[in-house]
Amino acid sequence: MTAQQPTKTTCPYCGVGCGIVAEVAASGKVTVRGDAEHPANFGRLCSKGSALGETVDLDDRLLYPEVGGKRTTWDAALDLVASRFSKTIAEYGPDSVALYVSGQLLTEDYYVANKLMKGFIGSANIDTNSRLCMASSVAGHKRAFGSDTVPGCYADLEIADLIVLVGSNLAWCHPVLYQRIVAAKEKRPHMKIVLIDPRRTMTADIADLHLPIKPDGDVTLFVGLLKHLFETDSIDRDFVASHTSGCAEAVSAAEALDALTIVERTGLSHSMVQRFFDLFAQTEKTVTVFSQGVNQSSCGSDKVNAILNCHLATGRIGKPGASPFSVTGQPNAMGGREVGGLANMLAAHMDIEKAADRERVQRFWKSPTVAAKPGLKAVDMFRAVADGRIKALWIVATNPVDSMPDAGNVEEALRNCKFVVVSDVSANTDTIRHAHVRLPAAAWGEKSGTVTNSERRVSRQRSFLPLPGEAQPDWWIMCDVAKRMGFGAAFDFQSPAEIFAEHAALSAFENKGTRDFDIGEFGNISEDDFDRLEPFQWPRRAGAVSLPRMFGDGRFFTLDEKARFLAIGAKDVPRTTQAFPMTLNTGRVRDHWHTLTRTGKSQRLSQHYGEPFAEIHPEDAARHNIKDADLVRVSTGSAFIIVRALVSTRQQPSSIFVPMHWTDQFASKARVDTLVPPIVDPVSGQPASKNIAVRIERFVAEAYGFAVVAQKPKHIDAEYWALAKCNGGWRVELGFATSRENWATLAADLFGEPSNAETIAFHDRQSSRYRFACYRDEALLGALFLAPEPVAVSRDWAVGQLTAPHPRAAARFRLIAGRPGAGATDKGATVCSCFGVGANEIAAAARRGCGTVAAIGETLQAGTNCGSCRAEIRTIIDAQNLEAAE
Ligand code: SF4
């Protein structure tokens, strides 16, 4: 193999949409770096983006089509899918089938899926995991602007004087935007940042003011802000009069709200609220950034409109440094919106509920039909699978058994569904195990097309790796099924460029400025021009330039071209009960993505958090007799999970945080979405994943364990286990409800009973500690440490033993004793994934006088590559300073 020329492509993770330069060496090794010319990131990448090269191997890849768990040919698999879908439709009608797709798809894949379902099958039963991510923003935008338009751009974050972050842990979930803000604040120190979040997340590190709001208290806060803006005459009266409607009703709905109710419903002190209101009222250049903390709520759409109301009242919309700004979670959530990938949308931002739009799309597609009504949104779709209304379901590039609310019943629904097709990259997900037909899809690095980021910027994803096995791009798979269903002519695409051209042409079709989404400039794009396509922002009408901001002229996409205020009253959304008194909040961690199918492959990314956890406030921990590193059972009555306890003041009392990432592939019982009830926002259908009533209790473990093993264990016999990739193998955390007579059996299971291996064991009867180590020649195949309390062995040191030679008895004795040798230090939990720097090392450097993040970087390199850990480094320095001052 010869080395390839570098390829410019786009990161497949979050909605920032960073440009990447990927290189494949002659050895096949893939390295990535930030694209210095890409306007989203200008060369920066976060920890996840930087580690992409470690996730492109073929371990766990689905490489061949399978039917009933057996390899088959594409012809046989696609014939079966097409015939089962056709027969089901013929017998039960178009609404008896459904597609559940993903914000991970490229726009071209998404376009074809939507065209097939809405234009040719004739049902709108296509929904996407973006429903779980930003449907409330879509609904809010449409209610206010008449279109699903994000008005601002990333540059606004650098020129604003006030950034309000609502329900957005930017430092971990949109790290490069966070870094851009940090850099801007360093240059313009007067810039103020307000963080509104129940948790004191790492983003609080740059906040001048953190409002630890009660779950779902945001509606009340922004309704109160609207009232304050009017009372202090801080509104733009000309803008309101000329460019909006419904203001009087919105103000009247806010009028009843008094200061005491704001304090009660937000949980914030009056002075905090007042400080925020004054800052907002007095700062013309204000950007309000919002994401999942706003969207994932039973009142998410109202939260969005409460925020938009305040921007409309002040005329701060589509102006440099002044805009509301919804940031999307997924790499192509915006592309999915453009093609109408949600069940209640039509292609090219047209409206499924408008007959003229339906007729126009049908005419453009020359399709036999068009869906006449919105389809089932995600939660309702899986209910329909469960009760048999949907009889054939095709899931593409997503893992609903883990990511949907009510995940246990979603799994049950799939188990009982007559025909489930899953197209995926991974052969081992909790969803694909229920598929009758498995279709191997192309992965990032192998596929080609476009994605749109949060600022409406369309960028190319370009392939730089060959398709492995018999994997095919999603657009190809769906077009082939469409052809076999008899829709050949409309799906005779030969390339993503052809699909993109049709998508662009539809956006401009009979548009004439009536619709926001118009990329007509590319309606006839050639293959060569598509290859060379540079990132651009929409709209990009034929012959016109891109608009970085929308609505600066005060014209909106409503009939009267005026934006609409929404009359919204204060809200109280209590969920907790006496039996379930804690509020569970779910979300992401810094170094992992969704259900770990990709980031779980990277040992570097798995260092930061190697197991599922619940963050618990010290008061709650004490009340429940839970100590840091204990195991904790989180339950709702109908479901429970077992995770590690992290006791932290970042959490408010009576609330816990559990990440969304862990699945049955990586932990024994940590699928947090089994705890999330199917409660949705009534307008957007988006589930409420951040305000869930739960109970916690200590999981009484008789024994705890920790192991490092060279090979992934096939079976682990423990009530609690969690697996994480590490250098040279896997880390395994363990917890046991009862002690065992014979721990050697567990050790043999974990080590895989290798032949020609020697196992040595140690048992301290007094302290009930057991150790096992298994060697073949000088190589360690596995080590297991067991204790009656959480095992205190340094994880970093133990992992290092997997790749260290063990020639002498002394090294083996140190291992079995669970102690580093003299002079070796415990690095502590990994903070900087790029350089493998641990918390203990940073704390030690801080004690030696490294008082800034830059000084730590100079000494340890930590924080000098992707920068995602800088907030944590600053926290450790602050803690050391505090300790020194006491
Ligand atoms: Fe990828 Fe990180 Fe950029 Fe998001 S911020 S697109 S995860 S590199």
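Trainee: Is H594 buried or exposed?
Mentor: H594 counts as buried, at 15% relative accessibility; buried means under 20% relative accessible area, exposed over 50%, and partly exposed in between, with a 1.4 Å probe and protein chains only. This is a predicted model, where local features need pLDDT of at least 70, side-chain atom pairs count only at pLDDT 80 or more, and totals for chains, interfaces and linings use all residues. Residues are numbered from 1 along each chain as its sequence is written, and side-chain values use heavy atoms, with hydrogens and water left out.

Trainee: What is phi of H594?
Mentor: Near 40 degrees, a positive value in a residue other than glycine. Most residues other than glycine have a negative phi.

Trainee: Where is H594?
Mentor: In the loop between strand 21 (582–587) and strand 22 (613–616). Strands (E, at least two residues) and helices (H or I, at least four) are DSSP runs, numbered from the N terminus.

Trainee: And F42, what about its phi?
Mentor: F42 has a positive phi of about 45 degrees, although it is not a glycine. F42 lies in the loop between strand 3 (30–34) and helix 1.

Trainee: How does F42 count by accessibility?
Mentor: As partly exposed, at 47% relative accessibility.

Trainee: Switching topic: which peptide bond is the one from W538 to P539, cis or trans?
Mentor: The bond is cis, with omega near 5 degrees. P539 is in the loop between strand 19 (536–537) and strand 20 (563–564).

Trainee: Which helices supply the shell around the ligand?
Mentor: Helix 1 (47–50) and helix 7 (175–187) each supply at least two residues of that shell.
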